[in-house]
Amino acid sequence: MHLKAYAVDGQVLRTGSGNFSRSGLADQDNDLILITDQAVVDTFEANFDRIWARAQNVSAFDAPTSGDAR
């Protein structure tokens with residue numbers, strides 16, 4: 001995933017173009033959109049959960065990284 005969005009307490013969807021870094025949040029000109037429409041927040045959370053649960057996401061945790069001694 002390359003999402004720049006998250007739900008806060010199932011009530012607010014925060015999205016925008018900024019990376020979650022010091023420069024992305026403080027120094028760059030990015031947009032920030034806050035959505036409180038409950039149907040939109042619920043749809044985002046359901047879609048996020050569906051993507052997160054995909055089998056290839058689980059297997060990625062088991063894959064050796066370049067520094068692994070496996």
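Trainee: Why does phenylalanine 44 count as buried?

Mentor: This is a predicted model, in which local features need pLDDT of at least 70 and side-chain atom pairs count only at pLDDT 80 or more, while totals for chains, interfaces and linings use all residues. Residues are numbered from 1 along each chain as its sequence is written, and side-chain values use heavy atoms, with hydrogens and water left out. Buried means under 20% relative accessible area, exposed means over 50%, and partly exposed lies in between, with a 1.4 Å probe and protein chains only. Phenylalanine 44 has 17% relative accessibility, and therefore it counts as buried.

Trainee: How do you know whether phenylalanine 48 is buried, partly exposed or exposed?

Mentor: The relative accessibility of phenylalanine 48 is 28%, which is why this residue counts as partly exposed.

Trainee: How far along the helix are phenylalanine 44 and phenylalanine 48 from each other?

Mentor: Helices (H or I, at least four residues) and strands (E, at least two) are DSSP runs, numbered from the N terminus. Because phenylalanine 44 and phenylalanine 48 are four residues apart in helix H2, which covers residues 38-52, about one helical turn separates them. An α-helix has 3.6 residues a turn, so residues three or four places apart point the same way.

Trainee: What makes the pair of phenylalanine 48 and tryptophan 52 stacked?

Mentor: Phenylalanine 48, which counts as partly exposed at 28% relative accessibility, forms an aromatic pair with tryptophan 52 at 6.0 Å centre to centre, and the angle of 10° between their planes makes that pair stacked. Phenylalanine 48 and tryptophan 52 are also four residues apart in helix H2, and so about one helical turn separates them. With a relative accessible area of 48%, tryptophan 52 is partly exposed. Through these ring pairs, Phe44, Phe48 and Trp52 are linked into a cluster.

Trainee: How do you know that the length of H2 agrees with what a helix of 15 residues should span?

Mentor: The expected span of a helix is 1.5 Å times one less than its number of residues. For the 15 residues of H2 that comes to 21 Å, and because its end C-alpha atoms are 21 Å apart, the two agree.

Trainee: Which residues of H2 are buried, and why can they be said to line one face?

Mentor: The buried residues of H2 are Val41, Phe44 and Ile51. Seen down the axis of H2, the buried residues fall within an arc of 95° (taken from the directions from the helix axis to the C-beta atoms), so they line one face of the helix.

Trainee: What makes threonine 36 exposed, and which residues does it touch?

Mentor: Its relative accessible area of 59% is why threonine 36 is exposed. Contact means heavy atoms within 4.5 Å, and, not counting residues up to four places away in sequence, threonine 36 touches Gln11 and Val12. Threonine 36 and glutamine 11 are 25 residues apart in sequence, while their C-alpha atoms are 6.1 Å apart in space.

Trainee: What joins the side chains of serine 17 and asparagine 30?

Mentor: A polar contact is a pair of N or O atoms within 3.5 Å; within protein, one must be able to donate a hydrogen and the other to accept it, and residues adjacent in sequence count only if both atoms are side-chain atoms. The side chains of serine 17 and asparagine 30 are joined by a polar contact of 3.3 Å. Serine 17 lies in the loop between S2 and helix H1 (22-27), and its relative accessibility of 33% is why it counts as partly exposed.

Definitions and conventions. Rings of Phe, Tyr and Trp (its six-membered ring) pair if their centres lie within 6.5 Å; planes under 30 degrees apart count as stacked, over 60 as edge-to-face and the rest as tilted.
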